[in-house]
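Keep the picture beside you as you read.

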Amino acid sequence: MNTKIKKTEEVLENFYKNLKFPSHLAQATTYSLMAGGKRIRPLLFLSMLEAYKIELKPAHFEVAAALEMIHTGSLIHDDLPAMDNDDYRRGKWTNHKKFDEATAILAGDSLFLDPYFVLASCDLPAQNVVSLVKELAYASGSFGMVAGQILDMDGEKKELNRSEIEEIHQLKTGRMLTFPFVAAGILANVSETELIQLRQIGEKLGLAFQIRDDILDVTRSFAELGKTPGKDIIEEKSTYVSLLGLEAAKTQLLCLLTEVKNALSVLTIVNQSDILLLVKNLEQI
């Protein structure tokens, strides 16, 4: 897995070394991109390709990098004073604290738009590129992450029910964690039935991932999280923990992860060991 991360990060670093980019914009984007994330989305995508016995090529690492760009851009914008107003991310100053708000906004903008240039330039069949562009836009824009973010802010200081909380989680976090599975299915040319199964697996894992985040927000320290703990309580957000209680939220997390593992077992993938390891890591709460 370290090799997958290294090669993905090489794509990220090399892209923003382009001398045509304003140096301070490249510096701001690179600062957040290389701040030490776990790269779980790229790892899921690349590991799923390997599970389908697809040899990893430079184009696959470019797709992985495009996904990580959008995820990182969303973190920059999430941390802004107008949204979550956080000073730390991954144990370092957030982008707007390191630079300034305008630079952070534009760095986030670059990381939302540059991925589509990367995808359009990668050495993959044209129809695959079109499908990946459509899927990534679906996951990150008004059908997915952005919609989830605005619903999340709308829900502050309100008591949301379980279906409303689940909708926020599925959109804000779930869609972007669904992309690795669907994208791998597209490149593996799986059947429509299996593509639906992959989407369902991604949706379950995405929901589990956000429930885990809700749990960690109330159980871990700044040193462990790399960001301010207890933000959900401070901002009066409805979460699985606030709705169900800590123990019931943990139970729901483990149930979802079990469902994910069971669903993976019926796919046509050959070796799911790396995927199962990534899923198992999410059980650590």
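A crossing of two helices is called left-handed if the near helix is turned anticlockwise from the far one by less than a right angle, and right-handed if clockwise. The model here is predicted, so local features need pLDDT of at least 70 and side-chain atom pairs count only at pLDDT 80 or more, while totals for chains, interfaces and linings use all residues. Residues are numbered from 1 along each chain as its sequence is written, and side-chain values use heavy atoms, with hydrogens and water left out. Helices (H or I, at least four residues) and strands (E, at least two) are DSSP runs, numbered from the N terminus.

**How α3 meets α9**

- The crossing of α3 and α9 is right-handed.
- Helix α3 covers residues 40–51 and helix α9 covers residues 162–187; they pack at about 25 degrees, with axes 8 Å apart. (Axes are lines fitted to C-alpha atoms, for helices over the stretch in contact, and angles run from 0 to 180 degrees between N-to-C directions.)
- That angle makes α3 roughly parallel to α9. (Angles under 35 degrees count as roughly parallel, over 145 as roughly antiparallel, 65 to 115 as roughly perpendicular and the rest as oblique.)
- On the α3 side, the contact (heavy atoms within 4.5 Å) is made by I40, R41, L44, F45, M48 and L49, and on the α9 side by M176, L177, P180, F181, A183, A184 and L187.
- Sorted by class, this contact has 12 nonpolar, no polar and one charged residues. (Ala, Val, Leu, Ile, Met, Phe, Trp, Tyr, Cys and Pro count as nonpolar, Asp, Glu, Lys and Arg as charged, and the others, Gly among them, as polar.)

**How α1 meets α4**

- The axes of helix α1 (residues 2–15) and α4 come within 9 Å and cross at roughly 70 degrees.
- These two helices, α1 and α4, are therefore roughly perpendicular to each other.
- From α1, the residues K4, K7, T8, V11, L12 and F15 meet F61, E62, A64, A65, E68 and M69 of α4.
- The contact of α1 with α4 has seven nonpolar, one polar and four charged residues.

- On a 1 Å grid over the protein atoms alone, a cavity is a set of points where a 1.4 Å probe fits but cannot get out, and a pocket is an open set with protein on both sides within 12 Å along at least five of seven lines; lining residues have an atom within 4 Å of a point.
- Grid points are joined across faces, edges and corners, and a volume is the space filled by probe spheres set on the points.
- How many cavities of 30 Å³ or more does a search of the whole structure find? There are two.
- The largest cavity has a volume of about 100 Å³, and of its 13 lining residues, S32, A35, D79, R89 and N95 are the closest to its centre.
- Helix α4 gives the most to the lining of the largest cavity, with three residues.
- The second largest cavity has a volume of about 50 Å³ and is lined by E135, Y138, A139, R175, T178, R199 and E203.
- Here α7 gives the most to the lining of the second largest cavity, with three residues.

**An open space: the largest pocket**

- The largest pocket has a volume of about 1200 Å³.
- It is lined by 50 residues, of which L75, R89, F209, D213 and K227 are the closest to its centre.
- Helix α10 gives the most to this lining, with seven residues.
- By class, the lining of the largest pocket has 14 nonpolar, 13 polar and 23 charged residues.
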